[in-house]
Amino acid sequence: MNSALHALLDEYIKDFTDKKDEPFIVPHSLPVAWEGNSDKYFSSQIKIVTAALAPSPYEFPEAHDDGACKRFADKTLNADKLYVSLDRYFETNPNDLWFMHFEKCLNMLGAGYGGKMGEEQPNTAIHVNTFSAMATDPAFARLSLHQRNAIDQRKLFEKLLGILSPDIVLMSVNKEAFFETFGLYGAQTMFYERSKIEAYRTDSMIAVYGRNVKGTPFSVERDYLEAGFAEIKRALSEKPIVYMIQQYKGGIY
């Protein structure tokens, strides 16, 4: 276990415990700070993070169906057990119908989530939530401003990002959220293809936006995807960060 990541989980758990009784928090859920094998991520030559604003309520199908297969092996709220549950997400019961849209992009960069998502790749990516690690019902996109403010964990995410220190991260929510999350106003345009796939460079990162159609992340023709990610691979020698944030059907995921 990474000691800094473990310590940060204690902060996520404390904040979640203070707020988990809000009526719009998915019952019997847990704070989804990340999903994916963190040990393999840290040992990867290229460190790639994908991201969303908040977890989908579908991460906890058992909240509405006692017979549903859980996506997290253990939901005990202590840092030791939560760390293991988050690390084993893709080995347990991932939401593969949605994450597969990320996986196809990651594969173009020689990466993947591992576990049940596909063939092992040279680099292992990890998924994070930038606004909040709390799953809500209704989904995040349908929350009121008051409800969103109640679950705002962006300061914790800033710490998480500092620990992960990725080379690459990707996004497909509305443009305002994309630019605001990573401070891209005034950033250099690296490439732009009719709002299908875009990349922006700052001094420390490359941020990639991919079109989203009817809840399908990176709904972009394969030719455009391949061209865009080929450019990203070329730029990796300059040590950028690339962020991948997608809009999930029924709300921002």
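Ala-4, Leu-5, Leu-8, Glu-11, Tyr-12 and Asp-15 in helix H1 meet Leu-156, Phe-157, Lys-159, Leu-160 and Ile-163 in helix H7, where contact means heavy atoms within 4.5 Å. By class, the residues of this contact divide into 8 nonpolar, no polar and 3 charged. Ala, Val, Leu, Ile, Met, Phe, Trp, Tyr, Cys and Pro count as nonpolar, Asp, Glu, Lys and Arg as charged, and the others, Gly among them, as polar.

The model is predicted: local features need pLDDT of at least 70, side-chain atom pairs count only at pLDDT 80 or more, and totals for chains, interfaces and linings use all residues. Residues are numbered from 1 along each chain as its sequence is written, and side-chain values use heavy atoms, with hydrogens and water left out.

**Helix packing**

Two packed helices are described by the angle between their axes and the distance between the axes. Helices (H or I, at least four residues) and strands (E, at least two) are DSSP runs, numbered from the N terminus. Axes are lines fitted to C-alpha atoms, for helices over the stretch in contact, and angles run from 0 to 180 degrees between N-to-C directions.

| Helix pair | Angle | Axis distance |
|---|---|---|
| H1 (residues 3-19) and H3 (residues 79-87) | about 105° | 9 Å |
| H1 and H7 (residues 154-164) | about 165° | 10 Å |

H1 is thus roughly perpendicular to H3, while H1 and H7 are roughly antiparallel. Angles under 35 degrees count as roughly parallel, over 145 as roughly antiparallel, 65 to 115 as roughly perpendicular and the rest as oblique.

In the contact of H1 with H3, Leu-5, His-6, Leu-9, Asp-10 and Ile-13 of H1 meet Ala-79, Asp-80, Leu-82, Tyr-83 and Leu-86 of H3. This contact has 7 nonpolar, 1 polar and 2 charged residues.

**Aromatic rings**

The whole structure holds 16 aromatic pairs. Rings of Phe, Tyr and Trp (its six-membered ring) pair if their centres lie within 6.5 Å; planes under 30 degrees apart count as stacked, over 60 as edge-to-face and the rest as tilted. The ring centres of Phe-90 and Phe-99 are 5.1 Å apart and the planes stand at 80°, so this pair is edge-to-face. Both Phe-90 and Phe-99 are buried (under 20% relative accessible area, with exposed over 50% and partly exposed in between; 1.4 Å probe, protein chains only).

Phe-218 is buried, with a relative accessible area of 1%, and Phe-229 is buried with 1%.
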